[in-house]
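The following note sets out points on the structure shown below. Each point takes up one region or one kind of interaction.

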Amino acid sequence: MLMEGGRAAAARNVSSIQMLSVQPDTKPKGCAGCNRKIKDRYLLKALDKYWHEDCLKCACCDCRLGEVGSTLYTKANLILCRRDYLRLFGVTGNCAACSKLIPAFEMVMRAKDNVYHLDCFACQLCNQRFCVGDKFFLKNNMILCQTDYEEGLMKEGYAPQVR
């Protein structure tokens, strides 16, 4: 099983954030956000520029990007946190089990080309939820637990192969 967040093709819009200690014997760097000298003990480096910790913020929610992770997202001249980037520019789709919309920022489960809400990723016959590491089977585009899969094979006259 593979759990992942969102489905946006964001890789080309992602930049890393580095927190650096300011060395006392170096010339203060200018902040890309406010254009003032950075005299703090720490500064952030992102997008090949230097920032005060308070100046590198998401354009939508104003969260301090250095506090929410080590990446930021850019698009349309905006600097964004992951959640807002996916909310604004991510790809939405429908759950293969319930057919309801899955927002781009929501965590999902994938099986081959199918995408599922976390709550919908369960055996479609007995509704048993799967945990990480559980075996599941795809048959005719249905997710099945091992018991229901083997019972279906028996009804079809096939004996499951044990490995």
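1. Strand S12 (142–144) and helix H3 (146–155) each contribute at least two residues to the lining of the second largest pocket. Helix H3 gives the largest share, 6 residues. Here helices (H or I, at least four residues) and strands (E, at least two) are DSSP runs numbered from the N terminus. The model is a predicted one, in which local features need pLDDT of at least 70 and side-chain atom pairs count only at pLDDT 80 or more, while totals for chains, interfaces and linings use all residues. Residues are numbered from 1 along each chain as its sequence is written, and side-chain values use heavy atoms, with hydrogens and water left out.

2. The second largest pocket holds about 160 Å³ of space. A pocket is an open set of points, on a 1 Å grid over the protein atoms alone, where a 1.4 Å probe fits, with protein on both sides within 12 Å along at least five of seven lines; lining residues have an atom within 4 Å of a point. Points are joined across faces, edges and corners, and the volume is the space filled by probe spheres set on them. Among the lining residues are Leu125, Lys139, Asn140, Met142, Leu144, Asp148, Tyr149 and Lys155. By class, the lining comprises 5 nonpolar, 2 polar and 5 charged residues. In this scheme Ala, Val, Leu, Ile, Met, Phe, Trp, Tyr, Cys and Pro count as nonpolar, Asp, Glu, Lys and Arg as charged, and the others, Gly among them, as polar.

3. Which residues of the largest nonpolar core touch the most other members? They are Ile17, Leu56, Leu65 and Leu72, in a core of 16 residues. Two or more residues of this core come from each of strand S3 (42–46), strand S5 (71–75), strand S6 (78–80) and helix H2 (82–89). A second, separate core has 13 residues, including Met109, Val115, Cys123 and Leu144. A nonpolar core is a set of buried Ala, Val, Leu, Ile, Met, Phe, Trp, Tyr and Cys residues joined through side-chain atoms within 4.5 Å. Buried means under 20% relative accessible area, exposed over 50%, and partly exposed in between (1.4 Å probe, protein chains only).

4. Leaving aside neighbours within four places in sequence, Leu72 is in contact (heavy atoms within 4.5 Å) with residues including Val14, Ile17, Ala46, Leu56, Leu65 and Ile79.

5. In helix H2, the buried residues are Asp84, Tyr85 and Leu86. These buried residues pack against S5 and S6. Asp84, with a relative accessible area of 7%, also takes part in a salt bridge with Arg87 (3.0 Å, N to O). Arg87 is partly exposed at 45% relative accessibility.

6. Side chains of opposite charge can pair when their charged atoms come close.

7. Arg64 forms a salt bridge with Glu53 (3.9 Å, N to O). Arg64 and Glu53 both lie in the loop between strand S4 (49–51) and helix H1 (65–68), so their pairing ties together parts that are 11 residues apart in sequence. Arg64 is partly exposed, at 26% relative accessible area, and Glu53 is likewise partly exposed, at 22%. Arg64 also forms a salt bridge with Glu67 (3.1 Å, N to O); Glu67 is exposed, with a relative accessible area of 56%. Glu53, Asp54, Arg64 and Glu67 are linked in a network of salt bridges.

8. The loop between strand S2 (14–21) and S3 contains Cys34, and Lys37 lies in the loop between S2 and S3 as well. Cys34 is partly exposed at 23% relative accessibility, and Lys37 is partly exposed at 46%. Not counting residues up to four places away in sequence, Cys34 is in contact with His52 and Cys55, while Lys37 touches Pro28, Lys29, Gly30 and His52. Lys37 and Trp51 are 14 residues apart in sequence and 9.4 Å apart in space, C-alpha to C-alpha.

Terms used
Salt bridge = Lys/Arg side-chain N within 4 Å of Asp/Glu carboxyl O.
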